Amino acid sequence: MHVNGHNYQEPGESLELLVNGENIVFKYIPAGKFQMGSPISEEGRRSNETQHWVILTKSFFMQETHVTQALWKAVSRELPHALEGAENFLNDQYPMVEVTWDDCFRFISKLNDQNIAPEGLIFDLPTEAEWEYACRAGTTTPYYCGMFIGPADAYFGLGGYSLKEVKTYQPNPWGLYDMYGNAWEWCSDWFADYIFDTTTGSVTDPKGPERSGPTVDRVTRGGGSHATPDRVRSAKRYHSYQNSHECDLGFRLVLREREK
């Protein structure tokens with residue numbers, strides 16, 4: 001992908017943007033194919049993690065961290081009312097939490113209106129498939145760090161709700177931080193069982209189902225600080241009503257090609 005005169009080819013190459021005085025780093029995620037979901041033998045597996053092949057035909061960039069409170073304030077000028085007085089949850093380098101899915105898109109709209117993105121690209125939320133593909137970063141084990149995960153790998157399993165400064169732990173192989181723990185992350189999709197061609201066992205560029213019937217929740221991924229190990233696996237799926245705001249639910253941005 002050619003952006004600002006540079007030809008991005010290697011996963012994890014950095015693209016830096018300055019947004020109202022705040023520096024944001026994105027990592028290049030190349031197009032590719034991977035197995036989404038989990039094998040039946042994976043410990044902690046849930047029935048909605050049916051394993052299937054996903055083909056992503058377009059490369060994109062993913063923010064290396066959660067959207068931080070500093071970035072949120074740089075764009076929106078103030079924090080949500082839900083965080084007022086919550087001193088233990090306030091820190092410029094903490095993930096931005098207590099935001100609804102709709103809040104995220106209002107934030108994204110403000111960014112896109114400022115024409116900050118490189119030519120031909122727009123800010124967005126990741127699809128669920130993009131999120132898992134970027135999280136796995138070419139790995140096939142339950143965690144990108146291997147078969148097991150511990151307190152040295154991510155901020156999780158604390159038995160309560162709290163936040164940690166982003167980039168405290170080592171990133172995944174493609175340079176993405178906090179894909180496990182710290183805060184759950186909104187994805188763009190409605191939540192439902194995976195949709196794929198049962199003949200080929202695959203799907204190309206999935207965006208989740210159209211809203212219909214009982215589908216009222218949006219996908220969330222990654223686990224929060226209180227999550228147990230099974231809830232921070234690469235394949236773990238969760239969901240929240242799109243107007244929910246929770247003290248352990250935030251988001252990260254992607255940059256994708258603008259549809260022509």
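Start by selecting Asp 189 and showing its surroundings. Setting aside residues up to four places away in sequence, Asp 189 touches Pro 126, Thr 127, Glu 128, Lys 207, Gly 208, Asp 217, Arg 218 and Val 219, where contact means heavy atoms within 4.5 Å. This is a predicted model, so local features need pLDDT of at least 70 and side-chain atom pairs count only at pLDDT 80 or more, while totals for chains, interfaces and linings use all residues. Residues are numbered from 1 along each chain as its sequence is written, and side-chain values use heavy atoms, with hydrogens and water left out.

Asp 189 sits in strand β9 (residues 184-190); helices (H or I, at least four residues) and strands (E, at least two) are DSSP runs, numbered from the N terminus. What does the side chain of Asp 189 reach? Draw a distance to the backbone nitrogen of Gly 208 and you get 3.2 Å.

Stay in β9 and click Glu 185. At 1% relative accessibility, Glu 185 counts as buried, which means under 20% relative accessible area, with exposed over 50% and partly exposed in between (1.4 Å probe, protein chains only). Its side chain makes a polar contact with the side chain of Trp 131 at 2.9 Å (a pair of N or O atoms within 3.5 Å; within protein, one must be able to donate a hydrogen and the other to accept it, and residues adjacent in sequence count only if both atoms are side-chain atoms).

Trp 131 takes you to helix α3, where it is one of the buried residues. Select 128-136 and you have all of α3: nine of its nine residues are buried.

Next, jump to helix α1, residues 69-76. Seven of its eight residues are buried, so α1 is largely enclosed by the rest of the structure. Colour β3 (14-19), β4 (22-29), β7 (60-63) and α2 (101-113) to see what the buried residues of α1 pack against. Just past α1, Arg 77 has a positive phi of about 75 degrees.

Last stop: strand β8, residues 121-124. Which way do its side chains point? Leu 121 and Phe 123 go one way, Ile 122 and Asp 124 the other, and all are buried.
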